[in-house]
Amino acid sequence: MIDAAAVEALNQRILGPEHKALPPRSWGHTVESFLTTDPRLSEFTTPLLTLDRSRIASNISVMADWAARAGMLLAPHGKTSMAPQLWKQQLDAGSWAITLATGWQVQVARAFGVERIILANAEIDPVALRWIAAELDSHTTFEFYCWADSVATVLEMDRILAARGSRPVSVIVELGGPHGRTGARTAEEATAVARAIAASSRLTLAGVGGYEGALSHDRSQRGLEAVRTYLDNVADLHRTLDAEGLYGEHAIVTAGGSAYQDLVVDRLRTLATGEGVRTDVVLRSGAYVVHDDGFYSQISPLTPARTDAPLMSAMHGWARTVSRPEPGLALLDAGKRDFPFDEGMPVAQHVRGTEILDPGAEVTALNDQHAFLRLPAEDATALPVGTVVRLGLSHPCTAFDKWRLVPVVDDADIDDPRVVDLVHTFF
């Protein structure tokens with residue numbers, strides 16, 4: 001499912017000053033040779049993003065087991081990390097495919113030998129679509145699926161592929177919802193899209209799908225009901241297309257971000273065991289691989305409050321106090337170019353080691369390179385200049401994209417963790 005040798009070759013890449021926060025003594029080393037020197041977190045400069053090895057392994061196992069028990073296939077959204085090393089761990093744990101969001105991301109995945117890809121988007125870029133068609137023609141083991149939400153999209157794909165080879169491109173009809181993102185807004189529109197795909201000699205109808213996370217941002221009763229209604233509509237659309245005989249021998253129904261996996265299972269899993277065409281239900285959650293201390297820690301069904309086998313935050317930020325310009329304010333050397341902020345500010349957890357910060361300490365704003373950490377009361381001994389603070393982060397998708405190389409530690413909870421790996425990202 002992935003080229004293990006290509007992933008392993010990342011360990012032979014040469015380190016240098018282009019790799020943010022790595023100690024100067026690493027420059028000129030390969031990743032492999034540097035790791036043999038037993039580096040410690042204290043050697044790295046701040047700001048710094050780290051991953052926790054044992055927590056990543058636990059999260060991958062938790063989600064793999066959860067999907068298997070539910071009778072779902074798992075195609076984790078690889079755009080979360082764009083890290084082939086993590087994709088390999090997910091695939092090795094049983095993931096059926098890797099999901100991606102752009103044609104370029106598909107090209108990255110193919111460079112690492114990923115054999116089954118869902119592009120959770122329409123692909124009507126001529127260069128990208130023709131390249132994908134050429135990959136399908138030249139690699140018989142490559143499976144590829146993309147989306148379409150309008151007849152116009154189908155016609156454009158047909159036009160682009162007019163001069164291409166013999167293997168048709170598999171297309172999933174995307175159903176959307178009111179005020180959502182992409183996706184046909186009615187079952188009638190989606191059915192017309194499916195008919196257009198089925199009528200094409202260059203495309204084949206592979207199934208139906210969409211993204212329920214665009215329809216709610218919380219677990220209020222109203223939000224959950226909107227998601228349930230949408231997923232029921234996806235299931236009904238699948239049954240309609242099946243009854244009309246538009247499928248071949250197999251179909252896919254796919255949904256699922258990292259907020260409402262439980263509802264996806266509840267509303268869609270019976271499609272895999274019901275009458276009609278043989279159907280696989282595919283879950284595309286991605287953020288679970290590192291989870292977080294913000295948005296997903298509150299909304300995910302796999303939190304300690306909702307399950308006995310929860311996900312754990314496996315990513316942390318590290319920043320240093322560089323200024324105490326006024327009472328109750330510490331300026332840290334990390335900002336928007338280092339840590340995510342679109343789904344909540346970083347959360348101050350503790351001083352490096354085991355000293356817990358006052359729960360009233362709060363990051364209230366980020367500049368490009370600074371965080372404003374407000375303290376509940378002035379204390380001349382609190383966070384003096386030079387103090388390193390560990391931060392909990394929110395939203396993995398906008399954490400990874402700020403780092404081309406992310407250190408992995410053996411245990412983020414100890415005073416000076418050992419760095420045991422370096423994860424390459426491709427953004």
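Leu224 is found in helix α9. Before going on, note that this is a predicted model.

Leu224 has a relative accessible area of 10%, and buried means under 20%, so Leu224 counts as buried. What does Leu224 touch, not counting residues up to four places away in sequence? The answer is Ser216, Arg219, Tyr260 and Leu263. Take Tyr260 from that set. Tyr260 and Leu224 are 36 residues apart in sequence, and their C-alpha atoms are 8.4 Å apart in space.

Now to the helix that packs with α9. Two packed helices are described by the angle between their axes and the distance between the axes. Helix α9 covers residues 221-243, and helix α8 covers residues 187-199. The pair packs at an angle of about 45°, with axes 10 Å apart. The two helices are therefore oblique to each other. The crossing of α8 past α9 is right-handed.

Which residues meet there? From α8, they are Ala187, Ala190, Thr191 and Ala194; from α9, they are Leu237, Thr240 and Leu241. Sorted by class, that contact has 5 nonpolar residues, 2 polar ones and no charged ones.

Last, a residue in a loop. Ser26 sits between α1 (4-8) and α2 (31-35). Is Ser26 buried or exposed? Its relative accessibility is 0%, so Ser26 counts as buried. A polar atom of the Ser26 side chain lies 2.7 Å from the backbone oxygen of Pro23. Setting aside neighbours within four places in sequence, Ser26 is in contact with Leu15 and Phe34.

Terms used: Residues are numbered from 1 along each chain as its sequence is written. This is a predicted model: local features need pLDDT of at least 70, side-chain atom pairs count only at pLDDT 80 or more; totals for chains, interfaces and linings use all residues. Side-chain values use heavy atoms; hydrogens and water are left out. Axes are lines fitted to C-alpha atoms, for helices over the stretch in contact, and angles run from 0 to 180 degrees between N-to-C directions. Helices (H or I, at least four residues) and strands (E, at least two) are DSSP runs, numbered from the N terminus. Angles under 35 degrees count as roughly parallel, over 145 as roughly antiparallel, 65 to 115 as roughly perpendicular and the rest as oblique. A crossing is left-handed if the near helix is turned anticlockwise from the far one by less than a right angle, and right-handed if clockwise. Contact means heavy atoms within 4.5 Å. Ala, Val, Leu, Ile, Met, Phe, Trp, Tyr, Cys and Pro count as nonpolar, Asp, Glu, Lys and Arg as charged, and the others, Gly among them, as polar. Buried means under 20% relative accessible area, exposed over 50%, partly exposed in between (1.4 Å probe, protein chains only). A polar contact is a pair of N or O atoms within 3.5 Å; within protein, one must be able to donate a hydrogen and the other to accept it, and residues adjacent in sequence count only if both atoms are side-chain atoms.
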